[in-house]
Amino acid sequence: MENISLSPFLTASTLGPEQISSSAPDTSQGIERTLYLLSIAVYGVACLLGVTGNGLVIWIAGFKMEKTVNVVWFLNLALADFVFTFFLPLSIAYTALGFHWPFGRFLCKLNSSLAFLNMFASVFLLTVISLDRCLLVILPVWSRNHRTPRLAWAVALVTWGAALLLSSPYFVFRDTALSVRNVTSCYNNFALSSNYSSEESRRLWRKRHRAMILARFGFGFLLPFTVIAVCHGVVAFQVQRRRLAKSHKPLRIIAAVTASFFLCYAPYHALSLLEMSKMSGSPAVKKALHMGIPLASSLAFLNSCLNPLLYVFVGLKSFRRSVRGAFEGAFREEALLSMSSKRKSRAASQMELPMA
């Protein structure tokens, strides 16, 4: 069958669970051993920094700051990353054991579902944040009257619901199987069948595999980033044209978080589309996928620990400033609201001008 996932993001073009163990990296061969060890190292770093960093964001944003709209957005973003990185030790152990899954079918399903729940929730929240910034600039009066933390929490819940809906198929299709080499694999059973030789199962597998990749690429990457790019373009144009903000820090933070998500996930989506294409059957492409997918997966995992670092370094005016102060500076809304206030005051003054 096509695309049997070895970890939440790692994939390999194999025919069934019997071949998964043999497709695991051969640690006796130079470059593959290096990629194998690099993947484990990146997963470990992502887990350590992700749990501590996002935990710190949750503590500060959730318990130490006033619940403004901005805080609600970043708190939910940190929650998505924290849950994912908290379960990363399962993927680390799976990779370290040569892709042997000893944790049972339920955790196999849950681990993969949480990985894609994090991906969809993160990109949807970034899209919502970009729309929020755009509305602040182009509809300042409406934003002043309706932009409240209560509405932000309602939008965040809808965002989580959409992410849960799109990640639920991974819980359904994820499965475990024991190979002839006594290795238990955690893989995508798109046919929901243990019969890997029938043509009907192969056809159903390919059809569902293609649908999953296209849905993931469309809803988890292409459509959100189109909206984000348009919103950032509108905001940048208005800020430069009207000189609305004294500080561009909030805009820099959103741009940095969005850019990190794009750079971390673009290679993974590109390789997923390549794996689905007709070219995936050639030896050269198979080798490129085998070498590239572990690196792309490592980048995707790494994204979940980058946001807290971006909050600190973008919000840090000096090295003497505390980490809590950096987070609070990153999440404040004064500069954003000043953009709205200036736009609103200018509109009001224009309305008061006498008719010619």
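Predicted model: local features only at pLDDT ≥ 70, side-chain atom pairs only at ≥ 80, totals over all residues.
I'll start with the cysteines. The structure holds one disulfide. Cysteine 108 and cysteine 186 are the partners, with an S to S distance of 2.0 Å. The torsion about that S-S bond is about 90°, so the disulfide is right-handed. Where do the two cysteines sit? Cysteine 108 is in helix H5, residues 105-138, and cysteine 186 is in strand E4, residues 184-188, so the bond ties together parts that are 78 residues apart in sequence. Both ends are out of the solvent: cysteine 108 is buried at 1% relative accessibility, and cysteine 186 is buried at 3%.

Two other cysteines deserve a word. Cysteine 134 has its closest cysteine sulfur in cysteine 231, at 4.4 Å, which is too far for a bond. Cysteine 134 counts as buried, at 9% relative accessibility. Cysteine 305 is in no disulfide either, and the nearest cysteine sulfur, in cysteine 264, is 8.3 Å away. Cysteine 305 is buried as well, at 2% relative accessibility.

Back to strand E4, which also contains asparagine 188. Asparagine 188 is buried, with a relative accessible area of 4%. What does its side chain contact? The side chain of asparagine 188 makes a polar contact with the side chain of arginine 174, at 3.2 Å. Tryptophan 205 is 17 residues from asparagine 188 along the chain, and their C-alpha atoms are separated by 9.4 Å.

Next, the nonpolar cores. The largest has 45 residues, and the members that touch the most others are Trp73, Phe120, Phe261 and Tyr265. Several helices supply at least two residues each, including H3 (69-86), H8 (199-242), H9 (249-276) and H10 (283-315). Which helix gives the most? That is H5, with twelve residues. Apart from this core lies another, of nine residues, among them Ala46, Ile92, Ala115 and Cys305.

H5 also packs against H7. The axes of the two helices come within 8 Å and cross at roughly 145°. The crossing is right-handed. On the H5 side, the contact residues include Phe106, Leu110, Phe116, Leu117, Phe120, Phe124 and Val128. On the H7 side, they include Val155, Trp160, Leu164, Tyr170 and Phe171. As a reminder, an α-helix has 3.6 residues a turn, so residues three or four places apart point the same way.

Now the stretch ahead of H5. In helix H4, residues 88-96, the buried residues are Leu88, Leu90, Ser91, Ile92, Tyr94 and Thr95. After H4 comes glycine 98, with a positive phi near 70°. Phenylalanine 99 also has a positive phi, about 65°, although it is not a glycine. Phenylalanine 99 lies in the loop between H4 and H5. Is phenylalanine 99 buried or exposed? It counts as buried, at 2% relative accessibility.

Leucine 192 is in the loop between E4 and H8. At 47% relative accessibility, leucine 192 counts as partly exposed, whereas phenylalanine 99 is buried.

Key
Residues numbered from 1 in each chain as written. Heavy atoms only, no water. Disulfide = S-S within 2.5 Å. Helix = DSSP H or I, 4+ residues; strand = E, 2+ residues; numbered from the N terminus. Buried < 20%, exposed > 50% of the residue type's maximum accessible area, 1.4 Å probe, protein only. Polar contact = N/O pair within 3.5 Å; in protein donor to acceptor, adjacent residues only side chain to side chain. Core = buried A, V, L, I, M, F, W, Y, C linked by side-chain atoms within 4.5 Å. Axes fitted to C-alpha atoms, helices over the stretch in contact; angles between N-to-C directions. Left-handed = near helix turned anticlockwise from the far one by under 90°. Contact = heavy atoms within 4.5 Å.
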